Amino acid sequence: MTAAEETQTRPSDEAADHGQAAADGACVDRILAGDSSAFEEIVRRWQGPLMNLAYRFCRDRGRAEEMAQEAFLRAFRALASWRRESAFSTWLFALAINVYRTELRRIPVFAPLDSVPEPADPRASHTFEVQAQAAEDRALRRAVATLPEKYREAVILYYFHEMDLGGAARSLNLPEGTLKARLFRGRELLRKKLAGKHAHPRRASHQGDI
Amino acid sequence: MSQDPETPLSTNLNDRLNRALDGEIVPSSGFTSRVMASVGEDAGTPPPLAFPWRRALPAFGCALILVLCAGLRLLWELRYAAPPEANAPAIHLALLAKTAAPLGWLAAALAIAWASVKLCLRLAGER
């Protein structure tokens, strides 16, 4: 991937973002004024992204729900600390990542990622190519899961933000240059891991990776 | 696996990572209500009592003054006390007996303090 590709950002609908940010701000105002039921609107708006982010970290649907629930609860407790210098979503993602990080340090992902059922893919058919691709994806996810924490987070957040380097850097509270360096190093480690795996196909198949 | 071993990453790693890490899940139907239930429970819980610094500060000040006084007294005694004689076991024994006398009181005070703490914790737990 070139540097130009690294820095490219996804085009977004700024008007919609602005409207959403205003709605988030209004909800937070109501909650801080004592109307805790206004938090439901925030939960409905952000439950999808927060749960999917958690899912990318643990690849376990049940655990992702628990982690997202904990993130929302922490967000509710810490709402007063949102300084409004950044978007509510940025603050929420940063907080959620901290929660997920703590949770995964407490109980690491031990379950083999391959055993976790994948979401249904309507394009999926039981052709050989599809199975091979699915196996390749599982091997890649397993390799990502074994990366050191800082590289793993960089890789997961970068692709979660649809390759928006700025968005991922803000969520991780890192300078873009640092994130770029971690991505580069993370990919290098992945290449080495996958190359090693392919150099020992018999051992890899014994482990059930491919 | 039928993959070409020579080109394990023949396609762009970036695209492959994007595809492999993708995976949308939808929260279960009761997710929002569960979150709101825990939020409601949390909102209904009174905030933890803050440490009473204003009340505790005088006690801390007194304790600090006592420690300073004790330190100064120790320094004074070390500087001006006569060096102990080498062959005076009787004096040593007498000193030991004198210093050991309050140990019983010290042990009793510690036991009472420990019992007080346990009782407070128990009462707080039952609340």
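What percentage of the 127 residues of chain B count as buried? In this predicted model, the share of buried residues in chain B is 5%.

**Chain B**
- Chain B contains 5 helices and 0 strands.
- Along the sequence, its pattern reads α-α-α-α-α.

**Contact of helix 4 of chain A with helix 2 of chain B**
- Helix 4 (residues 61–77) of chain A packs against helix 2 (residues 31–44) of chain B at an angle of about 40°, and their axes are 10 Å apart.
- The crossing of helix 4 of chain A with helix 2 of chain B is right-handed.
- From helix 4 of chain A, the residues in the contact include A:Glu65, A:Phe72 and A:Arg77; among those they meet in helix 2 of chain B are B:Phe31, B:Arg34 and B:Asp42.
- By type, the residues of this contact comprise 6 nonpolar, 2 polar and 4 charged.

**Helix 5 of chain A**
- Helix 5 (residues 88–106) of chain A has 19 residues and spans 27 Å from its first C-alpha to its last, close to the 27 Å expected at 1.5 Å a residue.
- Buried residues in this helix include A:Phe88, A:Trp91, A:Ile97 and A:Tyr100.

**A:Arg191**
- A:Arg191 belongs to helix 9 (residues 176–199) of chain A.
- A:Arg191 is partly exposed, as 14 other C-beta atoms lie within 10 Å.
- A:Arg191 and A:Ala143 are separated by 48 residues in sequence, and their C-alpha atoms are 9.3 Å apart in space.

How values were computed
Residues numbered from 1 in each chain as written. Chains lettered and ligands numbered in written order. Predicted model: local features only at pLDDT ≥ 70, side-chain atom pairs only at ≥ 80, totals over all residues. Helix = DSSP H or I, 4+ residues; strand = E, 2+ residues; numbered from the N terminus. Buried ≥ 20, exposed ≤ 12 C-beta atoms within 10 Å, placed from the backbone. Expected span 1.5 Å × (residues − 1). Axes fitted to C-alpha atoms, helices over the stretch in contact; angles between N-to-C directions. Left-handed = near helix turned anticlockwise from the far one by under 90°. Contact = placed C-beta atoms within 7 Å. Nonpolar A, V, L, I, M, F, W, Y, C, P; charged D, E, K, R; others polar.
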